[in-house]
Amino acid sequence: QVQLVESGGGLVQAGGSLRLSCTASGRTFSSYLMGWFRQAPGKERDFVAAISRGGSTTYYGDSVLGRFTISRDNAKNTVYLQMNSLKPEDTAVYSCAADEAHYLSTGSKSEASYDYWGQGTQVTVSS
């Protein structure tokens, strides 16, 4: 089992940047494929990005491709989401998730693939 804690959210103006962190405790962090999802008020949870266990392969949602970068540091048990060129429509609660069973694939875009979730961190982008 793994516990996930996100940090780094906040209020930023459109065009600005934020870096989210998700730190894991418990089982070996490198055992998990990691993902980021977001949920805006009144909307379903959407896939943002995912990264393979070793960090060599990444997937992104279409709305963030070219603006967001996911990375991980297995020595620090942490996955990051660097968010650039933020837009008001990026406003949401961002949550990290860990998948212990699957390899990175298009299925990693589904929240059903993930076994553990953090509580989330609020990101608000003002216009």
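Predicted model: local features only at pLDDT ≥ 70, side-chain atom pairs only at ≥ 80, totals over all residues.
Residues are numbered from 1 along each chain as its sequence is written. Local features need pLDDT of at least 70 and side-chain atom pairs count only at pLDDT 80 or more, while totals for chains, interfaces and linings use all residues, and side-chain values use heavy atoms, with hydrogens and water left out.

Me: Which residues form a disulfide?
Reply: A disulfide is a covalent bond between the sulfur atoms of two cysteines. Here the term is used for a pair of cysteine sulfur atoms within 2.5 Å. Searching the whole structure turns up one. Its sulfur atoms sit 2.0 Å apart, and they belong to C22 and C96.

Me: How many residues apart in sequence are the parts that C22 and C96 tie together?
Reply: Strands here are DSSP E runs of at least two residues, numbered from the N terminus. C22 is in strand β3 (residues 18–26) and C96 in strand β9 (residues 92–99), so the parts they tie together are separated in sequence by 74 residues.

Me: Is C22 buried or exposed?
Reply: Buried means under 20% relative accessible area, exposed over 50% and partly exposed in between, using a 1.4 Å probe and protein chains only. C96 is buried, and C22 is also buried.

Me: Which backbone nitrogen does the side chain of E6 reach at 2.9 Å?
Reply: E6 belongs to strand β1 (residues 2–7). Contact means heavy atoms within 4.5 Å, and the residues E6 touches include C22, W36 and C96. A polar atom of its side chain lies 3.1 Å from the backbone nitrogen of Q119. The one reached at 2.9 Å is the backbone nitrogen of C96.

Terms used
Helix = DSSP H or I, 4+ residues; strand = E, 2+ residues; numbered from the N terminus. Polar contact = N/O pair within 3.5 Å; in protein donor to acceptor, adjacent residues only side chain to side chain. Lists of a residue's contacts leave out its neighbours within four places in sequence.
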